Amino acid sequence: LQISEPNEFDIMLVMPVARLQLDECDDTGAYYYLTFKRNPKEKYLLKFLDEDKKLSAFKMLQALREIIKREVKNIKNVEVSVKRKKAGSPAITLLIKNPPAEISVDIILTLEVQQSWPPSTQDGLKIEQWLGRKVRGEFRNKSLYLVAKQNKNEKVLKGNTWRLSFSHIEKAMMNNHGRSKTCCESDGPKCCRKSCLKLLKYLVEQLKMEYPKELEKFCSYHVKTAFFHSCVMWPNDTDWHVGDLDHCFQKYLGYFLHCLQKSQLPHFFIPKYNLLSLEDKASSDFLLRQINDELNNGFPIF
């Protein structure tokens, strides 16, 4: 996940589940309550239903945490511990202490459902001009992923909400990011898309370390989302020529600053879901000021 000191890693623990009914639990289109359409083949899942017959993310995470804690005790050759539970986080974090560095690994409970994507995603993933209509169709035919993530706006906080996850598609777009199918392959033309992403990730990462309290609302996902929108706005490989890193980075950064200014960054797959809500306007403004400072002084942080 990190650029400068790669010591944080994410692992999705994927559980295939038969058909589920998804009910939106707010107006973001990202969070859902899950119920089984019929009695599941996976009978063991029935013990994780709450009193409303909804599949409880909280209960499943609790059970997984117990299994992991039990297993960690059996690891003898490395010092591994399970980090204390962080409220609202979908991850169970392992701390692995051993030279050359301490690393943390987030294990994220993920359900994989073979069914069509919900209506909130209909107008998202606008990659036709960039990666093509056919690729968009292939992506939308892939399974649906849901992670055990608590929705803070849930009326009664029971912790039984699930959030859509598209990290498998994001990874595929990263790996095949060119409009020409040979972009950045060994004998193909090189572009600077990934370098631009790394620069902005590093910039936000460093500012977060400097101002942890003011910028706690920001994470690398904001930077990544702005990156995908930029790839759509400038879809040609020539827009990201490897020799134009400076110019390309400024363009991408300009778009990100524009989003901060308006407090408006639509989720790449769920366009009605704004990742920069107006109640966080103060932290958007703070980040905007810090980045403009960097920009005007020739990026001393780099």
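## A buried cysteine

At 0% relative accessibility, Cys231 counts as buried. Buried here means under 20% relative accessible area; exposed means over 50%, and partly exposed lies in between (1.4 Å probe, protein chains only). The sulfur of Cys231 has its closest cysteine sulfur in Cys191, 8.0 Å away, which is too far for a bond. A disulfide is a pair of cysteine sulfur atoms within 2.5 Å.

Cys25 is buried too, at 10% relative accessibility. Its closest cysteine sulfur is in Cys219, 19 Å away, again too far for a bond. How many disulfides does this rule give? The count comes to 0.

## About the model

This is a predicted model, where local features need pLDDT of at least 70 and side-chain atom pairs count only at pLDDT 80 or more, while totals for chains, interfaces and linings use all residues. Residues are numbered from 1 along each chain as its sequence is written, and side-chain values use heavy atoms, with hydrogens and water left out.

## Two domains

The domain assignment gives domain 1 (1–176) and domain 2 (180–301). Such bounds come from an automatic or database domain assignment. The contact takes 29 residues from domain 1 and 23 residues from domain 2. Contact means heavy atoms within 4.5 Å. The C-alpha centres of domain 1 and domain 2 are 24 Å apart.

Together, domain 1 and domain 2 bury about 2200 Å² between them. Of this area, 66% is on carbon and sulfur atoms. Buried area is the accessible area (1.4 Å probe) that two parts lose on being put together, summed over both. Which residues of domain 1 lose the most area to domain 2? They are Ile3, Trp130 and Met174. Together they make up 31% of what that side buries.

Helices (H or I, at least four residues) and strands (E, at least two) are DSSP runs, numbered from the N terminus. Both faces of β3 are covered. One side holds Tyr31, Tyr33 and Thr35. The other holds Tyr32, Leu34 and Phe36.

Strand β2 (residues 20–24) pairs with β3 in the antiparallel sense, over 5 bridges. Two strands pair if DSSP finds at least two bridges between them. Glu24 has Tyr32 of β3 as its bridge partner. The hairpin of β2 and β3 has 6 residues between the strands. There, Gly29 takes a positive phi near 80°. β3 also pairs with β8, in the antiparallel sense over 2 bridges. Here Tyr32 stands opposite Trp162 in β8.

## Helix α3 and Glu170

Helix α3 spans residues 167–175. Its buried residues are His168, Ile169, Glu170, Met173 and Met174. What covers them? The cover includes α2 (133–140), β7 (144–147), β8 (162–165), α4 (193–210) and α5 (220–233). An α-helix has 3.6 residues a turn, so residues three or four places apart point the same way.

Glu170 lies in α3. Is Glu170 buried or exposed? Glu170 is buried, with a relative accessible area of 3%. The side chain of Glu170 makes a polar contact with the side chain of Lys224, at 2.9 Å. A polar contact is a pair of N or O atoms within 3.5 Å; within protein, one must be able to donate a hydrogen and the other to accept it, and residues adjacent in sequence count only if both atoms are side-chain atoms. Leaving out residues up to four places away in sequence, Glu170 touches Tyr221, Lys224, Phe228 and Phe269.

## Phe139 in helix α2

Phe139 sits in helix α2. Phe139 is buried, at 8% relative accessibility. Which residues does Phe139 touch, not counting those up to four places away in sequence? They are Trp117, Leu125, Ile127, Leu131, Ile169, Ala172 and Met173. Phe139 and Leu125 are 14 residues apart in sequence. In space they are 9.0 Å apart, C-alpha to C-alpha.

Cys184 lies in the loop between α3 and α4. Its phi is near 65°, a positive value in a residue other than glycine. Cys184 is partly exposed, at 32% relative accessibility.

Phe299 lies in the segment after α7 (281–296). Phe299 is not a glycine, yet has a positive phi of about 50°. At 12% relative accessibility, Phe299 is buried.
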